[in-house]
Amino acid sequence: MDGAKYWSLNSVPAAMSFAVPPADGAKPVSYNYEPPPGVARRSGQFADGPVNVRDARPLAGALSLDREGFKLVPHQTRVHDFYDEDELKRVYYPEVERLVKAETGASRVQIFDHTLRNGAIPERPAEKEGEQLIREPVLRVHNDYTVKSGPQRVRDLMGAEAGDLLNRRFAVINVWRPIRGVVEEKPLALCDARSVAPQDWVATDLLYPDRTGEIYYVAHNPAQRWFYFPRMTREEAVLLKCYDSATDGRARFSPHTAFADPTSPANARPRESIEVRTLVFFDEEAKQAA
């Protein structure tokens, strides 16, 4: 987008929670289950940073997964109850697979996980990896995968096929949507991938009972460009690229977070949403970062 168009977009002020890069170089750790007694759930420091979050709806038709790292699409669903696990896997998973294939041109889409979020239900830690809990919206700026954990997810999930799949381009793409009513509070904020500097990424170990993953938290940088889609509905979805093995200049990661919208009404309905995580495989060969 050109600068004039960006600055002309309406915006709301927000204070987002950013990682503070550790001065001693120690890698932060986050437990994804109840930690041992006396151990903090999360190490590392966070601090609020001022951000103007711009309304991206006027740009919706021009956004690209390979440029900004996210896009908004209209998407009808036949799901009646998103809290019904069977209906999700029987109806919604195939819908998401078709959507991601159509939007990316991928040869194969493998859904491997989903998370429901409801701001009215207190979150509790998972007892085991893969347990489908209803969680609260995340209010820390992050990206779900890193140069290390993106390929590792393929090795973890794809068994004997992993070696061949890692020789071709692949991506991890989340599909995020509201599941009830209009989003009135804690909307999803998305950062233009091109506006993130290499030093903004703070790699963090994500600990499970049986393995260690890795995510990026993100440090505040005034040069970052943040967007949201106000008042999203159940008939809309955001595609968000959390990893891309291609290193040819296209977007590889896209930071995101829920944020406190100062324009939310006092009686706003708690946000309810779902994100489905997909491995997306392409026919083209592309060397992923080591």
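Analyst: What follows goes from the sheet to its helices, and then to some loop residues and a cavity. Please keep in mind that this is a predicted model.

User: OK, what is the strand order in the open sheet of six strands?

Analyst: The order is β4-β13-β8-β15-β5-β6, and the pairing in this open sheet is mixed. The edge strands, each of which pairs on one side only, are β4, covering residues 70-74, and β6, covering 134-135.

User: And in which sense do β5 and β6 pair?

Analyst: Strand β5, which spans residues 108-118, pairs with β6 in the parallel sense over two bridges. In one of these strands, β6, Ile-134 is the bridge partner of Leu-116.

User: Which strands does helix α2 lie across?

Analyst: Helix α2, residues 85-104, lies across β4, β5, β8, β13 and β15, and it runs at about 125 degrees to β5. Helix α3, residues 149-158, lies across β5, β8, β13 and β15, running at about 90 degrees to β15.

User: Which residues of α3 are buried, and what covers them?

Analyst: The buried residues of α3 are Ser-149, Gly-150, Pro-151, Arg-153, Val-154 and Met-158. Their cover includes the strands β5, β8, β11, β13 and β15, together with helix α4, residues 162-165. After α3 comes Gly-159, which has a positive phi, near 55 degrees.

User: Switching to loops, where is Ser-254, and is it buried or exposed?

Analyst: Ser-254 lies in the loop between β13 and β14, and Ser-254 counts as buried because its relative accessible area is 0%. A polar atom of its side chain lies 3.1 Å from the backbone oxygen of Cys-191. Leaving aside neighbours within four places in sequence, the residues in contact with Ser-254 are Glu-68, Gly-69, Phe-70, His-142, Asn-143, Cys-191, Leu-240 and Lys-241.

User: What about Leu-9, where does that one sit?

Analyst: Leu-9 is placed in the loop between α1, residues 3-8, and β1, residues 11-20, and with a relative accessible area of 8% Leu-9 is buried too. Beyond its neighbours within four places in sequence, Leu-9 is in contact with Arg-54, Asp-55, Pro-58, Leu-59 and Phe-227. The C-alpha atoms of Leu-9 and Arg-57 are separated by 9.1 Å, although the two residues are 48 residues apart along the chain.

User: I also noticed Lys-186 in the backbone angles; what is its phi?

Analyst: The phi of Lys-186 is near 50 degrees, a positive value in a residue other than glycine. Lys-186 belongs to the loop between β8 and β9, and it is classed as partly exposed because its relative accessible area is 27%. Arg-231, in the loop between β12 and β13, also has a positive phi, near 55 degrees, and again is a residue other than glycine. Arg-231 counts as exposed, at 51% relative accessibility, since the cut-off for exposed is over 50%.

User: Last topic: how many cavities of 30 Å³ or more does the structure hold?

Analyst: The structure holds one cavity of 30 Å³ or more, and the largest cavity contains about 30 Å³ of space.

User: Which residues line the largest cavity?

Analyst: Its lining is made up of Pro-178, Arg-180, Gly-181, Val-182, Val-183, Glu-184, Arg-269, Pro-270, Arg-271 and Glu-272.

Notes: Residues numbered from 1 in each chain as written. Predicted model: local features only at pLDDT ≥ 70, side-chain atom pairs only at ≥ 80, totals over all residues. Heavy atoms only, no water. Pairing = 2+ DSSP bridges. Helix = DSSP H or I, 4+ residues; strand = E, 2+ residues; numbered from the N terminus. Contact = heavy atoms within 4.5 Å. Axes fitted to C-alpha atoms, helices over the stretch in contact; angles between N-to-C directions. Buried < 20%, exposed > 50% of the residue type's maximum accessible area, 1.4 Å probe, protein only. Polar contact = N/O pair within 3.5 Å; in protein donor to acceptor, adjacent residues only side chain to side chain. 1 Å grid on protein atoms, 1.4 Å probe; cavity = no way out; pocket = protein on both sides within 12 Å on 5 of 7 lines; lining within 4 Å. Points joined across faces, edges and corners; volume = space filled by probe spheres on them.
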